[in-house]
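Please read the following briefing alongside the sequence and the coordinates.

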Amino acid sequence: MNLTDRPRRLRADGIRSLVSETDLSASDLIAPVFVDATTEERIPIESMPGQERVPVSEAVARVEEVRETGVEAVMLFGIPESKDERGTRAWAEDGVVQEATRRVTEATDAYVITDVCLCEYTSHGHCGVVEEHAETDPTLTVKNDETLDLLTRTAVSHAEAGADMVAPSSMTDGMVGAIREGLDDSGREDVPIMSYAAKYESAFYGPFRDAADGAPAFGDRRHYQMDPANAREAMREVASDVEQGADVLMVKPALAYLDVVRAVREGFDHPVAAYNVSGEYAMLHAAADNGWLDLEEAAAESLLSMKRAGADLILTYFAEDVAASL
Ligand code: PBG
C-alpha cells in the first residue's frame, strides 16, 4: 500500500479547526421578528415552534432577547390591525412596523431591517395592486408599475421611522430603483437596500404565510416570484437589482437554492444574503420532534452550508438558538 494522500490526517482534533474553510458566527445572522398590531399578548406561531408574534409593546423586549444571544440584526415583519385593497397600512406613519421600528431603534442598538411588501397589508394577500377581476380570472395579476409607488412610500416611511436598512420582497420589476429614488429624494441616501433579488415561488413559505397572515386569497404568486426551474434568470434579476442600486443581494429560499447562492457569489462582488425560510425551519423541527435528527446540529449544519455556498449574511429563525450555541 503506497497511500501518500491521506486527507484524514487533517481531521484530528487540534488541526481540524485550523484547516476549517468556513465559520459561522453570530455576526452573520439576522433574526426575523413578527410584530402584530392585533394583539396585546405574545402569540406562539404553531407552524414555527419557538417563534411568536409579539405586540408593539413587546417589540423592544423581543429584540433585546435576540441581542442577548449575540445576534445584532433583526428583520421586522408586520401584521397590521386592518387590511384593504391597496394595503394602505403598509405606509402609515403609525403603522405596526413604523411604530415598532421607532421604539426598537430608540431603545436598543440593534440593526433594524424592515421587510417592504404589501401582502400582509392587502385584503387579497397579493404583493401589490391587483387588476380588476383578478379574483375570477387567473390570467390577471399584480399591476407592476402602480405597485412601485406604494412600495416606495412604504420603504420611505420605514426609513423615516428609523429603519437602518430596507428589504423589498415583492418581486416587482423596478422596485429597487424606485425605492432608491424615493429614499434619496427624502434625504435618506444613507439607508441601504437589501433586495430579495432572486426570490422563488416556493412551497417552503407555507409556515410564514400562517405566521404573517399573508397567504393570497386567490391565485398564487407565480406571476411575480421566480420559477424554481430557473437559475440563469436569477442572474438576470440580480444584475438588474445591482444596476438599480441594490446594496445586498438576497437569494430565497436557501437550502434548495444553494446553487443560486453560489452563482450569485461568483458573479457579483456585493454581499450575498441567504434566507433560510419558514419551511426549512419547520421541517427540521418536525423531524427533531419525531426524534429523527438532532435539531441543534442539523440547524448549524444547514447554516454552515449557506456560508460555504457563498452567503455572507443569513436570515434565519434559528438565529438565536444557533448563536447561543456557538
Ligand atoms: C413577503 C414575504 C414572504 C416571506 C418573506 N417575505 C412570503 C411570501 O412571499 O409568500 C417568506 C419568509 C419565510 O417563509 O420564512 N412577501
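A residue counts as buried if 20 or more other C-beta atoms, placed from the backbone, lie within 10 Å of its own, as exposed if 12 or fewer do, and as partly exposed in between. This is a predicted model, in which local features need pLDDT of at least 70 and side-chain atom pairs count only at pLDDT 80 or more, while totals for chains, interfaces and linings use all residues. Residues are numbered from 1 along each chain as its sequence is written.

**Annotated site**

- In an unreviewed UniProt entry, the annotation "binding site" covers Arg-209 and Arg-221.
- Arg-221 counts as buried, because 22 C-beta neighbours lie inside 10 Å, and its place is in the loop between H5 and helix H6 (232–243).
- Leaving aside neighbours within four places in sequence, Arg-221 is in contact (C-beta atoms within 7 Å) with Cys-127, Glu-201 and Pro-216.
- Arg-209, found in helix H5 (residues 206–211), is partly exposed, with 17 other C-beta atoms within 10 Å.
- With the neighbours within four places in sequence again left aside, Arg-209 is in contact with Gly-214 and Ala-215.

**Helix pair**

- Helix H8 (residues 278–289) packs with helix H9 (residues 295–309) at an angle of about 155°, the axes being 9 Å apart.
- H8 and H9 are therefore roughly antiparallel to each other, a term used for angles over 145 degrees.
- On the H8 side, Glu-280, Leu-284, His-285 and Ala-288 meet Leu-295, Ala-298, Ala-299 and Ser-302 of H9.
- The residues of this contact of H8 with H9 divide into five nonpolar, two polar and one charged.

Methods:
Axes fitted to C-alpha atoms, helices over the stretch in contact; angles between N-to-C directions. Helix = DSSP H or I, 4+ residues; strand = E, 2+ residues; numbered from the N terminus. Parallel < 35°, antiparallel > 145°, perpendicular 65-115°, else oblique. Contact = placed C-beta atoms within 7 Å. Nonpolar A, V, L, I, M, F, W, Y, C, P; charged D, E, K, R; others polar. UniProt positions renumbered as here; feature names shortened; annotations may be inferred.
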